[in-house]
Amino acid sequence: MAMKAKTQLVIGDDGVAIITLNNPPLNLLSFEVMLSLKSSIEEALLCNEVKAIVVNGSGGKFSGGADVKVFGKSEMVKKRNEVGFISIELITNLLEAARKPLVAAIDGPAFGGGLEIALACHARISTPTSQLGLTELQYGIIPGYGGTQRLPRLVGLPKALEMILMSKRVNGKDAFSMSLVDAVAPADELIRSASRWALDISEARKPWIHSLYRTDRLEPLKEARLILNTARDEAQKQNPNVTHPLICIDVIEEGIVSGARIGLWKEAEALNELRQSETCKSLVHIFFARYNTSKISGITDMGLQPRKVNRVGVIGPGSIAIATAFILANFPVIFKEDDENSLEATIGEIKANLHSHLMAGKMTKEKLERTVSLLKGVLSYDSFKDVDLVVEAVEGSIQLKQQVFADLEHYCPQHCILASSSPTLDLNLIGERTKSQFRIAGAHFCSSSMLEIVNTECTSPQVIVDLLDVAKKMKKTPILVRNGSGLVVNRIRAMYSQAAMFVAAEQGEEGKHRVEQVMDKFGMAISPFRMMDIVVESMSTLSQNKQDTGSSNSTWKEAKDSPNDFKVAKLSEEDIMKMILFPVVNEACCIMEEGSVVKASDIDVASVVAMGFPSYRGGVVYWADHTLGSKYICSTLETWSNAYGPFFKPCAYLRKYSSIGTPLMQIKSHL
């Protein structure tokens, strides 16, 4: 056995060389890994004992693709200006053109460059549960190791476009049905099956196929151009502010029209440019920001392991959506109501929610029945003796919630987490009548894919670790926020909506339509006016409870009650955008000033996931730093504050750091 830095080469008695990518945990394709793969292939090709080669990945994972950390940098080229080194010299000229057959043995993920290596092999064998996909477009780039050329030649243009443009992943079983892989084998038979296939190729019992030069799956040129033009129209319609999907389509077309070899060069040149683009940098930022929301210093680095949540209790009419989300994530739920009629109505509504999933084709009838079976309705707390987590969503006074938590402390086991879904009430007050404040936290289900986890000075780190794990199992992005009025999501949503209302009111009869048009053009996925109910509810509490700290929130009531202070001339589209988003940046600075989040990037995640801010702009704080800069935003807000009223007054935090030129993203908040 010859050991390489990032690969292992083992030559079997049957003459098959097994090359294993060895860069755990995901076998990411750093430049060192690619050089090691190159060296192993060259060694196997020179060895007379080797008849064929199998490439696989260690730990049951083929490869998660290129290391996202190097996107926007130059580490993935051998010589800094040598475009196409990996795609053409290594993968095409060495691997695909090898005089000995190579077969990819795919288990686990084969994403991005990992799948592109497999595409260049002469056959692919996968497990049924493996996951395959070209996911590069979600990072603002395109497949750059030949994927734009080989995938259409293997599966046809429509399926290839769907996989590439949507970063769609398919399992091994589906990959086989679409001819992306040649055979499916169980994990314990994978290497053996791939080895037999490789030997069959070398001994002419199976065809020796070079994917790059196949044409039998490609549509005729006229039909192909029609398909490509349709894809262009759809890409422009879905995301008019980004260019990389269109560039990707152009690259695919170049290969079809001028030949795959020319297409490879165009692909390599396009990748080199896109990796330096602001879109790529923004998408990579938000990718890591989302990943890091669950990495919390002083909590997740203490060696604590999440405790298993086997059963969840939910209380109150406000928790219908919460109960639905839990059972959809396969958590058994006990739902408590005060009377039989309310309980029957609640369960009926939950079943109606699930039925809508059935009608939309998101679940089968059998899955619907299994999901419904996870729900149990009760009228007393007696059944709560075995729950591990309770989420309260009771409508009413603070006194009522205090009584609910006192009851929960009495009936629930001592390890049970007691959570409130209220985004506006002080958890310390809610738990005031208990002796269990160490296990009280907030669980604000602020969107279909985000969970705000709220801690107090008393909340145990173990409780936070447990809730982070619950969020993961529910496929929700978590952010940890400090106990206080409004939390984070509601505050930035509220400021977005308020600013839009102000601007719309001052722009005449077409104001609302013009505001929606401008923000849609900017890329906002959610109209500010669709958030109106949330804004009214959250701001009514904030205006009552929030002290004047220099925050935009503290000036909300004053600005709302003083319309004469807000007289704005006809605005350009750019000014409308600024006048709506700059107050959101200011509110983000207030949140950081108060230490309500762990880090600024958490606000970026909240703005993208729960406010509809375009991910290709990186989130509202990142965007502020990387477009006009905090100094310009602060001075503009000062000007507007003097002209139109205190709503636009920049907070002390923004004034301080903009004056010294410190990027907002570099400032650490303290939760």
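**A walk through the chain**

Let's start at helix 18, residues 489–505, which is mostly covered, with 15 of its 17 residues buried (buried means under 20% relative accessible area, exposed over 50% and partly exposed in between, using a 1.4 Å probe and protein chains only). Helices here are DSSP runs of H or I with at least four residues, strands are runs of E with at least two, and both are numbered from the N terminus. From its first C-alpha to its last, helix 18 reaches 24 Å, close to the 24 Å expected at 1.5 Å a residue (the expected span is 1.5 Å times one less than the number of residues).

A quick word on what you're looking at. This is a predicted model, where local features need pLDDT of at least 70 and side-chain atom pairs count only at pLDDT 80 or more, while totals for chains, interfaces and linings use all residues. Residues are numbered from 1 along each chain as its sequence is written, and side-chain values use heavy atoms, leaving out hydrogens and water.

Now zoom out. The chain has 26 helices and 18 strands, and buried residues make up 58% of its 671 residues. Its C-alpha atoms fill a box of roughly 80 × 65 × 45 Å along the principal axes.

What about the inside? In soluble globular proteins, nonpolar side chains tend to be buried together. The largest nonpolar core here has 83 residues, and Phe384 and Ile603 touch the most other members (such a core is a set of buried Ala, Val, Leu, Ile, Met, Phe, Trp, Tyr and Cys residues joined through side-chain atoms within 4.5 Å). Helix 22, residues 573–593, gives this core its largest share, 13 residues. There's also a second, separate core of 74 residues, which includes Ala110, Ile141, Ala235 and Leu274.

Next stop: helix 4, residues 147–155, where nine of nine residues are buried. Its cover includes helix 2, helix 3, strand 7, helix 5, helix 9 and helix 10.

Is Glu136 buried or exposed? Glu136 counts as buried because its relative accessibility is 6%. Leaving aside residues up to four places away in sequence, Glu136 touches Gly112, Gly113, Glu116, Ile141, Ile142, Pro143 and Ser167 (a contact means heavy atoms within 4.5 Å).
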